[in-house]
Amino acid sequence: MIVGEEGKTVPQVTVNNLEVRRANRNRIYQYISRKEQVSKQEIAHALHMSLPTVTQNLKDLMEQELVEEAGMLESTGGRKAAAYSCRFRARAAIGVDLTKNHISAVVVDLKGTVLSHKRIRCAFSKTEAYFHRLGQLVEQVIGCAGVSSSQILGVGIAVPAIVSQDHQTMSYSPALGETSCRLSDFEQALPYPCFLYNDANAAGFAETWNHSQIGNVAYLSLNFTVGGAILIDGKVYGGDDRRSAEFGHMTIVPEGELCYCGQRGCADAYLSAQRLAECADGSVALFFDKLKAGDEHCREVWDQYVKALVLTVNNLRMIFDCSVILGGYVGSYAEDFLAEVVEAAAQKNTFERDGGYLRACSYRLEATAVGAGLQFVERFIKQI
Ligand SMILES: [Zn+2]
């Protein structure tokens, strides 16, 4: 026996029935969410459920305002069927990306669509004024998205740091200049459930969320610092000490150039977006514009960059034997030059001459913030 609400004992069989019902409801929600509009009959057929089961679950989902009737579906004969679709805006989540000098915030709905986003210049500091400004920004994006506070599932805060498994503490963040912060520091300004996430893990999560066909992924984050994420069946592999996928500190050149971490020859020393930006007034976008326009110096720098990139990518492919996604600023802008990286990676590989496992990220905008917000969306959808 299990003690239920109000202290009453609930027979085990009832609990099991409730669990089956919840699982059915979840499958129905997920099925509708993959379709624009769908009839009750189609759901029953596709999920091998009886019509009364589907009807009851649709009623539950409509009561929760997660699904709505959406007109009638055309039929090839017989009566038209009522159409159902998801109300993706029934809930929303906030994703925040904190960097040394900027804060980005986005609002995403239950489909992962970005409803609003804003990026401001604001240097990180562990001060009340900073957290207050962060709170203001979050309220601004909520206002712009046209959703109410009661619809907000939570705020995912992505930081360039090692984040503890319980998402409560961040440590080792040379980028932010702070060795540690606790979630409670942020919560004082955010009246929502909050969690901390590693920035590259969040961005990698955004790339694979809702893309079941992608499978396993090694995500290489090419920002002003280099990091990454390993996603196995869509889940972030954190490692024993939450330091997995720190690809930027893999040694790619013995006794090579000095990395900011103090070691020599780390991938970060060769693949930081800074290498490219410093040839173009600090702008990665401008670097690629100049490269496209045939700038010789940019071409030399890019060729050197690609050599280090191919070494790193090939190592990832050898270790993980899965898709490799180039992310961060460089991944976002490199599309026009991706073919040459893919070709060089294929040449380097021992087992295959097809570099098709390598691709650029699909999120061009705020992947990190989106991924932090999607963590709350994922959690919510699982419990529907
Ligand atoms: Zn290093």
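Q: Where do the C-alpha centres of domain 1 and domain 3 lie relative to each other?
A: The C-alpha centres of domain 1 and domain 3 lie 44 Å apart. The domain bounds, which come from an automatic or database domain assignment, are 2–86 for domain 1, 90–204 + 367–383 for domain 2 and 212–360 for domain 3. This is a predicted model, in which local features need pLDDT of at least 70 and side-chain atom pairs count only at pLDDT 80 or more, while totals for chains, interfaces and linings use all residues. Residues are numbered from 1 along each chain as its sequence is written, and side-chain values use heavy atoms, with hydrogens and water left out.

Q: Which atoms coordinate the zinc ion?
A: Donors are N, O and S atoms within 2.8 Å of the metal (3.2 Å for Na, K and Ca), and water is not among the atoms, so sites may look incomplete. The zinc ion is coordinated at 2.1 to 2.4 Å by His 249 through ND1 and by Cys 259, Cys 261 and Cys 266 through SG. Along the sequence, these donor residues follow the spacing H-x9-C-x1-C-x4-C.

Q: Why is the arrangement around the zinc ion called tetrahedral?
A: Four donors count as tetrahedral if all angles lie between 85 and 135 degrees; four count as square planar and six as octahedral if opposite donors are over 155 degrees apart and all others between 65 and 115, and anything else is irregular. The 4 donor atoms around the zinc ion subtend angles of 101 to 120°, and therefore the arrangement is tetrahedral.

Q: Why does Arg 317 count as buried?
A: Buried means under 20% relative accessible area, exposed over 50%, and partly exposed in between (1.4 Å probe, protein chains only). Arg 317 has a relative accessible area of 14%, so this residue is buried. Arg 317 belongs to helix H10 (residues 296–320), helices (H or I, at least four residues) and strands (E, at least two) being DSSP runs numbered from the N terminus. Leaving out residues up to four places away in sequence, Arg 317 touches Cys 322, Ser 323, Val 324, Asn 349, Glu 352 and Tyr 357, where contact means heavy atoms within 4.5 Å. Two of the zinc donors, Cys 259 and Cys 266, are buried too.

Q: What makes Glu 63 and Lys 59 a salt bridge?
A: A salt bridge is a side-chain nitrogen of Lys or Arg within 4 Å of a carboxyl oxygen of Asp or Glu. The N to O distance for Glu 63 and Lys 59 is 3.5 Å, and the pair forms a salt bridge. Because these residues are 4 apart in helix H3 (residues 51–63), about one helical turn separates them. Glu 63, at 56%, is exposed, whereas Lys 59, at 45%, is partly exposed.

Q: Why does the pair of Arg 275 and Glu 257 tie together parts of the chain?
A: The closest N and O atoms of Arg 275 and Glu 257 are 2.9 Å apart, and the two form a salt bridge. Arg 275 lies in helix H8 (residues 274–277) and Glu 257 in the loop between strand E16 (235–236) and helix H7 (268–271), so the pair ties together parts 18 residues apart in sequence. Arg 275 is partly exposed at 27%, and Glu 257 is partly exposed at 37%.

Q: How many salt bridges does this rule give?
A: The count comes to 15 salt bridges.
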